[in-house]
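Student: I have this one open on the screen and would like to go through it. Can you take my questions as they come?

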Amino acid sequence: MSWSSALMASLDARATVVETDRGRVQVAVEGDGPPVLAIHGGPGGFDQGLAYCAHLRDGGCRLLAVSRPGYLRTPLDSGRGPEHQADLYAALLDALQIDRAAILGFSSGAPSAVHFAARHRDRTTALFVDAGILLPFEPPIGPVRRATYESAPVVRLSYRFAMKQPALATSFMVSGVSIGLNRQERRAAADWITSDPGRLRSIQALWSSTAPGKYRRPGWANDKANEVALPPLPFTEVTVPTIIAHGDSDAIVPVEHSTLAANTIGTADLIVVEQGHHLLSACRHYRPVAERQLELARGHRW
């Protein structure tokens, strides 16, 4: 069995493919309590959603971590646009016989999360957006460099690096997704992660959620096509309690994405995380965000 096939077999064992009225969607369910849809960034999959939203699971919520269309076992035709993906999430709730859920959209998962809250407000208890792409967006790296990162050999090497050298991988990760932090601040950010085995495992999982690349590349390409010419999102149609969080040192998505959304959504609170990089839930000053999210997610009956 090839390396990618073995990795896919281990991922398949952790999730289920559900047939819905809108198409097939892969989902992993972890935890007990009020349901929260965990919508991953790009590249990613359900495994990234589980890792990124671990604070909600550990805080007493049931995570419904989906693989968005084009990622892992969810076909791209199940929903190419963010509005279609939002409808897929609603169909998933129907198939799982869940009436309402909170939703957290991270990075490239934010547009579909906003659409879900706007289009299915009667199914949404709360909207959480972390480091969200909410405006037309060009990746901060050039096409050649991005193609290198996406290549199978680099993805495979990155995966092995994270598995064998997680502390060093954490330092590289912090440097790659932050801007404006000095050397001491970057070291403090990395040390906070590596000092706790649970946080370190989450970083390993986030780092490895790009592999195997060939099973995630269609979704990533679709995200890029959507984001470059992203139409205005339906912020004014969102009426549920909303928490929008962004790091002030995010090297990937400018904080202006979140400030504009928070100023437009009438029910939104904006939390800017001090020294926060793009992988926001892995930041040492993220706790106030997590507490607010848990307060809203657990404040509803399910």
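Tutor: What follows goes from the sheet to the cores, the spaces and some backbone details.

Student: What should I know before reading any values?

Tutor: This is a predicted model, where local features need pLDDT of at least 70, side-chain atom pairs count only at pLDDT 80 or more, and totals for chains, interfaces and linings use all residues. Residues are numbered from 1 along each chain as its sequence is written, and side-chain values use heavy atoms, with hydrogens and water left out.

Student: OK. What is the strand order in the open sheet?

Tutor: The eight strands run 1-2-4-3-5-6-7-8, with mixed pairing. Strands (E, at least two residues) and helices (H or I, at least four) are DSSP runs numbered from the N terminus, and two strands pair if DSSP finds at least two bridges between them.

Student: And which are the edge strands?

Tutor: Strand 1 (16-20) and strand 8 (268-273), each of which pairs on one side only. On average, neighbouring strands of this sheet are turned by 25° against each other, direction ignored.

Student: In which sense do strands 5 and 6 pair?

Tutor: Parallel, over five bridges, between strand 5 (residues 101-106) and strand 6 (residues 124-130). Leu104 stands opposite Phe128 in strand 6, and Gly105 stands opposite Val129.

Student: Is strand 6 mostly covered or mostly open, and how many of its residues are buried?

Tutor: Mostly covered: seven of its seven residues are buried. Buried means under 20% relative accessible area, exposed over 50%, and partly exposed in between, with a 1.4 Å probe and protein chains only.

Student: Which strands does helix 5 lie across?

Tutor: Helix 5 (residues 110-119) lies across strand 3, strand 5 and strand 6, at about 160° to strand 6. Axes are lines fitted to C-alpha atoms, for helices over the stretch in contact, and angles run from 0 to 180 degrees between N-to-C directions.

Student: Switching to cores. How many residues has the largest nonpolar core?

Tutor: It has 47, and Phe46, Tyr52, Leu56 and Phe128 have the most contacts inside it. Its largest share, five residues, comes from helix 13 (residues 287-297). Such a core is a set of buried Ala, Val, Leu, Ile, Met, Phe, Trp, Tyr and Cys residues joined through side-chain atoms within 4.5 Å.

Student: What does Phe46 touch?

Tutor: Leaving aside neighbours within four places in sequence, the contacts of Phe46 include Leu11, His40, Val66 and Leu72. Contact means heavy atoms within 4.5 Å.

Student: Leu72, then. Where is it, and is it buried or exposed?

Tutor: Leu72 is in the loop between strand 4 and helix 4. It has a positive phi of about 50° although it is not a glycine, and it is buried, with a relative accessible area of 9%.

Student: Last topic: how much space lies in the second largest pocket?

Tutor: About 440 Å³. Of its 22 lining residues, the closest to the centre are His55, Trp192, Arg199, Ser281 and Tyr286. Helix 10 gives the largest share of the lining, five residues. On a 1 Å grid over the protein atoms alone, a pocket is an open set of points with protein on both sides within 12 Å along at least five of seven lines, and lining residues have an atom within 4 Å of a point. Grid points are joined across faces, edges and corners, and a volume is the space filled by probe spheres set on the points.

Conventions:
On a 1 Å grid over the protein atoms alone, a cavity is a set of points where a 1.4 Å probe fits but cannot get out, and a pocket is an open set with protein on both sides within 12 Å along at least five of seven lines; lining residues have an atom within 4 Å of a point.
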